[in-house]
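Try each task yourself before you read the solution under it.

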Amino acid sequence: MTAAAASLPELVEGRTVVVRVPATSANLGPGFDTLGLALSVYDELVVTTLAEGELEIHVSGEGAADVPRDASNLVVRSIAFAFEAVGRRLPGLRLEARNVIPHGRGLGSSGAAVVSGLLAAKGLLEGEAEFGPDTLLRLATELEGHPDNVAPALFGGLTIAWLDEHGPQHKKLLVHRGVSPVVFVPEFTMSTSVARSLQPLQVPREDAVFNVSRSALLIAALTQSPELLLAATEDKLHQSYRAQAMPQTDVLVRALRQAGFAAVVSGAGPSVLVLADGPGRRLEAAELAATVGNTPWEAHMLAVDFKGGTVRGYAEGST
């Protein structure tokens with residue numbers, strides 16, 4: 001803690017904020033480490049300030065048995081990171097988390113935890129410190145390592161994220177109303193670090209050009225022309241290299257695509273995202289998925305989340 005931070009007054013005990021953050025699916029096929037989509041599955045968090053040094057963590061839902069209940073908790077670390085960034089003393093905290101986003105399934109659970117912590121800090125410090133969109137994205141990227149999941153979790157919709165000399169940047173786009181996502185979630189998990197380790201450091205020039213063309217087409221398909229989604233979600237940069245680590249996912253993606261569905265690995269996997277061009281088509285995809293292999297897949301019929309993460313004061317209800 002800096003001397004300036006130590007000299008600032010502590011927050012009043014009992015200040016409470018409520019945070020809601022959507023799941024995300026990154027890559028979307030060809031848009032590796034660049035494209036992300038916010039989905040209508042949400043983790044919810046209530047954070048209350050306590051006396052300095054106190055920490056209470058209550059978790060229910062997904063991953064509850066495995067989430068740390070000490071200062072190593074990712075939400076707590078994210079709150080602490082935000083407080084340190086603006087030179088404020090970290091108060092004691094009570095966290096009540098209701099996790100709905102599956103853990104280790106390629107739906108941005110760690111990015112959601114990071115964003116939840118940062119938005120909680122923003123709410124707790126409202127009127128005392130400012131956290132604009134650029135600051136939130138920068139802090140989230142520093143914690144998560146890359147912006148493709150945290151950008152849609154923060155801002156909602158379809159996001160293009162990139163890094164330049166000024167840090168992480170993003171552009172939010174509205175998704176065509178005809179795009180109907182469905183996510184197939186298995187019981188098994190996949191480590192993001194393991195998935196990344198399977199990719200080569202260099203790829204053929206032809207594969208790079210292929211993905212550039214498909215990424216450009218995917219923006220058009222998602223925003224204007226959903227009928228192009230099957231061609232637009234083709235990929236040669238990462239999915240084939242990761243297939244050996246999750247063969248069940250690879251089998252499902254191939255079966256769905258052969259039947260004409262725009263199926264991709266969600267994030268690092270092992271979940272499968274289908275970007276259907278209508279609600280009826282995703283029902284057909286679910287029927288097909290139920291017949292593929294011996295792996296049970298839980299189908300989640302979702303919408304695109306357009307708001308991103310939100311925070312409000314518990315008592316006053318301000319957004």
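This is a predicted model: local features need pLDDT of at least 70, side-chain atom pairs count only at pLDDT 80 or more; totals for chains, interfaces and linings use all residues.

Numbering runs from 1 along the chain as its sequence is written, and side-chain values use heavy atoms, without hydrogens or water.

**Exercise 1.** Work out whether the radius of gyration of the chain agrees with that of a compact globule.

*Solution.* Start with the rule: 2.2 Å times the number of residues to the power 0.38, with the radius taken over C-alpha atoms. For 319 residues that gives a value near 20 Å, and the chain has 20 Å, so the two agree. For the outline, the C-alpha atoms fill a box of roughly 60 × 40 × 35 Å along the principal axes.

**Exercise 2.** Find what share of the residues in the chain is buried.

*Solution.* First set the cut-offs: buried is under 20% relative accessible area, exposed over 50%, partly exposed in between (1.4 Å probe, protein chains only). Buried residues then come to 51% of the 319.

**Exercise 3.** Classify the one aromatic pair in the structure.

*Solution.* Rings of Phe, Tyr and Trp (its six-membered ring) pair with centres within 6.5 Å; planes under 30 degrees apart are stacked, over 60 edge-to-face, the rest tilted. Phe188 and Trp297 have ring centres 6.2 Å apart and planes at 75°, so they sit edge-to-face. These partners are 109 residues apart, and both lie in loops.

Conventions:
Helices (H or I, at least four residues) and strands (E, at least two) are DSSP runs, numbered from the N terminus.
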